[in-house]
Every structure is written in structure tokens, then in C-alpha cells.
Amino acid sequence: ATPTAVMMGVGLGARQGILFRNAEALERAGKLSVLVVDKTGTLTEGRPTVTAVQPAAGSDAGRLLQWVASLEAGSEHPLARAVLERAQAEGLPLLPADGFRAEPGHGVLGLVEGHQLRVGTPDWSVPLDEAQRDAVAALASRGQTVVSVAVDGAFAGLIALADAVRPSSRAAIEALAGQGVRVVMLTGDNADTAAAVARELGIAEFRAGVKPADKANAVTEFKAGGALVAMAGDGVNDAPALAAADVSFAMRSGSDVAIEAADITLMHNDLAHVAAAISLSRSTLRKIR
Ligand code: ADP
Ligand code: MG
């Protein structure tokens with residue numbers, strides 16, 4: 001494409017809310033063949049809300065929520081914010097917490113009222129028995145994220161959170177398929193939750209339980225297969241994968257770290273704009289050389 005055509009393409013993109021960092025970003029977008037896409041905050045709104053609090057038999061839901069919220073006060077994770085909002089809505093005051101620690105991709109731990117709490121992915125918090133596992137699967141099969149709670153090493157209950165898919169995501173996946181792009185969803189969430197979201201969006205390929213460091217490895221793996229690989233994400237966790245990709249897209253609503261790492265920023269947080277960027281790139285590249 002001529003430099004003028006590329007400049008026009010970049011300008012056209014900007015008018016639609018697709019910000020290309022430079023000419024190469026526009027030129028490469030049309031050639032991508034694999035799009036690796038983060039689930040939480042990219043395909044979904046990234047604003048989960050608590051849908052269920054299920055204490056272990058014999059314990060109290062309010063108390064469980066209060067303890068978990070007291071610990072989550074130390075976390076900046078969207079799941080933590082959702083728990084805190086729910087506790088506040090129920091008028092539950094926060095208790096002092098000590099020794100707070102976050103394990104990225106797993107959960108949080110610390111002391112509340114002298115008790116050791118672990119809140120995070122089922123199995124990381126505490127080994128689950130079959131009935132507890134079934135309870136997790138029932139909630140997760142509806143696409144909800146399920147965190148389990150352990151108090152002093154004993155199972156204390158489950159909290160389910162729902163994060164709505166962005167209304168535009170389904171059409172975006174369809175448009176990308178029409179362009180011949182292979183879409184692979186990555187998430188730190190569990191397999192049942194991931195499968196439910198993938199089904200809802202018509203995504204054929206996904207990987208669940210992906211630790212933050214492994215997102216970039218997945219991108220590298222697809223590149224090694226010879227594909228031109230794009231990554232779309234929003235989180236701090238996604239920055240290494242965005243940097244590893246040939247072309248990277250960040251959501252405007254995402255973290256600054258993700259936006260800084262990205263070649264293309266989607267100002268309307270709409271994944272359909274990935275398909276639009278590809279079209280724009282392809283039509284630009286067709287313009288006389
Ligand atoms: P994603 O890739 O979907 O954005 P993360 O890697 O941030 O997910 O987290 C993966 C999983 O770790 C979450 O689904 C949750 O089960 C658990 N987790 C992480 N942080 C927290 C937290 N602050 N509170 C509870 N659970 C957490
Ligand atoms: Mg995310």
C-alpha cells in the first residue's frame with residue numbers, strides 16, 4: 001500500500017474508535033490468522049457480581065460473606081470488588097485482616113479474626129470432596145465463576161459470580177470466523193465456566209486454568225506453528241501475551257499496562273472492531289502500490 005493509503009487507513013480507524021499505534025500495526029492486522037482472546041474483561045464486561053453465597057452445612061451465609069469481604073479488601077481483582085460490593089449492600093462491616101497475600105491466577109489468603117482464610121479457585125483453596133465438586137460444577141456450567149473458601153484448612157463454602165458477556169462479542173466472533181480467523185479463548189477461570197462462555201459465544205477452541213505467565217507461552221506456541229498471531233486482552237495479566245503477539249489489541253477500559261503493550265486500542269471496548277481493523281487493513285493493502 002502507498003504511505004498515503006496507510007495514513008488514510010489509520011485516520012479512518014481513528015474515526016471509528018480503532019487506534020493504530022503506527023503504520024505497521026495497520027498493515028499487519030489484515031494478515032493475522034490466529035486471534036488469542038482473553039475472556040474476563042475482553043469477551044465479558046469484566047464487572048462480575050455475586051450471584052450466590054453457599055456456606056458449608058451448618059454455617060452462616062452472612063458470616064461467610066463478611067469474612068471473605070474482609071480478606072478481599074486487600075485485593076484489586078474484579079472478583080474482590082464484587083464481593084465487597086455485596087457485603088456493603090448487605091450492611092456487613094469489614095473486620096480487620098492480617099498477612100494478606102495474593103497468588104495471581106489462584107486467589108488470596110490471610111488472617112481474619114485469627115482464622116486463616118483462603119479464597120480462590122476450587123482445589124487451590126482446599127481439596128474438595130465429590131459433593132462439593134458437584135456444587136461447583138452446577139454453578140460453573142451456567143458460565144459463572146466459582147470461588148471456594150477455606151477457613152483454617154476446612155471447606156467453608158462457595159461464592160458464585162457472574163460476569164455478563166459483552167453484547168457485541170457474539171457477532172464479533174462470527175465476523176472473525178467469516179474472515180477466516182481462528183479464535184482461541186484463554187482464561188484463568190475453570191474449565192466448566194470457560195466451556196459455558198465459549199458455547200454461548202460460538203467459540204470452538206479455548207483453554208481454561210491458564211496462569212498469567214502461560215498466556216504469553218500460548219501466543220509463542222501458536223507463532224511457532226507459523227501463524228501470524230494476534231492477542232486481544234485488557235488486564236495487567238495480559239501484557240506479556242500482548243507483547244509476545246505479532247499484532248495486539250487492548251480494550252480502552254483495560255489496564256494502562258495492557259494499553260501500553262498494545263499495537264491497537266479499541267476505544268469502544270468492542271471486539272467487533274478487531275474484525276473492522278482486519279477489513280480496514282485488507283482494503284488498505286489492496287490499494288495501488
Ligand atoms: P482471568 O484470566 O479469567 O482474568 P485470573 O487469572 O485473574 O482470571 O484468576 C483466575 C482465577 O483465580 C479466578 O477465576 C478465581 O477463581 C481465582 N482468583 C484470582 N484472584 C482472586 C481473588 N482476589 N479472589 C478470589 N478468587 C481469585
Ligand atoms: Mg481480562
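These legends walk through several close-up views of a predicted model of one chain with a ligand.

Residues are numbered from 1 along each chain as its sequence is written, while chains are lettered from A and ligands numbered from 1 in the order in which they are written. Because this is a predicted model, local features need pLDDT of at least 70 and side-chain atom pairs count only at pLDDT 80 or more, whereas totals for chains, interfaces and linings use all residues.

View 1. Let's start with confidence: the average pLDDT of the chain is 95, and 99% of the residues score at least 70. Here pLDDT is the predictor's confidence in each residue, from 0 to 100. For the complex, the predictor gives an ipTM of 0.95 and a pTM of 0.89. Domain 1 (14-45 + 165-286) and domain 2 (49-162) make up the division of the chain, with bounds that come from an automatic or database domain assignment. Their C-alpha centres are 30 Å apart.

**View 2. The shell around ligand 1.** Ligand 1 is surrounded by 22 residues, the closest being Thr40, Ser75, His77, Gly107 and Gly188. A residue is near a molecule or strand if its C-beta atom, placed from the backbone, lies within 6 Å of it. Sorted by class, the shell holds 6 nonpolar, 13 polar and 3 charged residues. In this scheme Ala, Val, Leu, Ile, Met, Phe, Trp, Tyr, Cys and Pro count as nonpolar, Asp, Glu, Lys and Arg as charged, and the others, Gly among them, as polar. At least two shell residues come from each of α3 (39-43), α5 (78-89), β5 (107-112), β6 (115-120) and β7 (145-151). Helices (H or I, at least four residues) and strands (E, at least two) are DSSP runs, numbered from the N terminus. Ligand 1 lies between domain 1 and domain 2, because both give residues to its shell.

**View 3. Where the domains touch, with helix α8.** Here 11 residues of domain 1 are in contact with 11 residues of domain 2, contact meaning that the C-beta atoms of two residues, placed from the backbone, lie within 7 Å. On the domain 1 side, helix α8 (residues 191-201) gives the most, with 5 residues. That side of domain 1 divides into 3 nonpolar, 4 polar and 4 charged residues. Within α8, Asp192, Thr193, Ala194, Val197, Ala198 and Leu201 are buried. A residue is buried if 20 or more other C-beta atoms lie within 10 Å of its own, exposed if 12 or fewer, and partly exposed in between, with C-beta atoms placed from the backbone. The packing partners of the buried α8 residues include α3, β7 and β9 (182-186). After α8 comes Gly202, with a positive phi near 75°.

**View 4. Strand β2 and its parallel partners.** Strand β2 (residues 34-38) is largely enclosed by the rest of the structure, because 5 of its 5 residues are buried. Val34, Val36 and Asp38 point one way from β2, and Leu35 and Val37 the other way. β2 runs parallel to β9, joined by 5 bridges, and Val34 stands opposite Arg182 there. Strand β11 (residues 229-233) also pairs with β2 in the parallel sense, over 4 bridges; in β11, Ala232 is the bridge partner of Val37. Two strands pair if DSSP finds at least two bridges between them.

View 5. Of the 6 residues of β5, 5 are buried. Strand β4 (residues 97-103) pairs with β5 in the antiparallel sense over 5 bridges, and Arg101 stands opposite Leu109. In the hairpin of β4 and β5, 3 residues separate the strands, and Gly105 in the turn has a positive phi of about 85°. β5 and β6 are also antiparallel, over 6 bridges, with Val112 opposite His115. Between these two strands of a hairpin sit 2 residues, with Glu113 in the turn. Phi of Glu113 is positive, near 50°, although the residue is not glycine. Glu113 is partly exposed, because 13 other C-beta atoms lie within 10 Å.

**View 6. Val53 in strand β3.** Val53 sits in strand β3 (residues 49-55). Val53 counts as buried because it has 20 C-beta neighbours inside 10 Å. Not counting residues up to four places away in sequence, Val53 touches Ala61, Leu64, Leu65 and Ile159. The C-alpha atoms of Val53 and Ala160 are separated by 6.6 Å, though the two are 107 residues apart along the chain.
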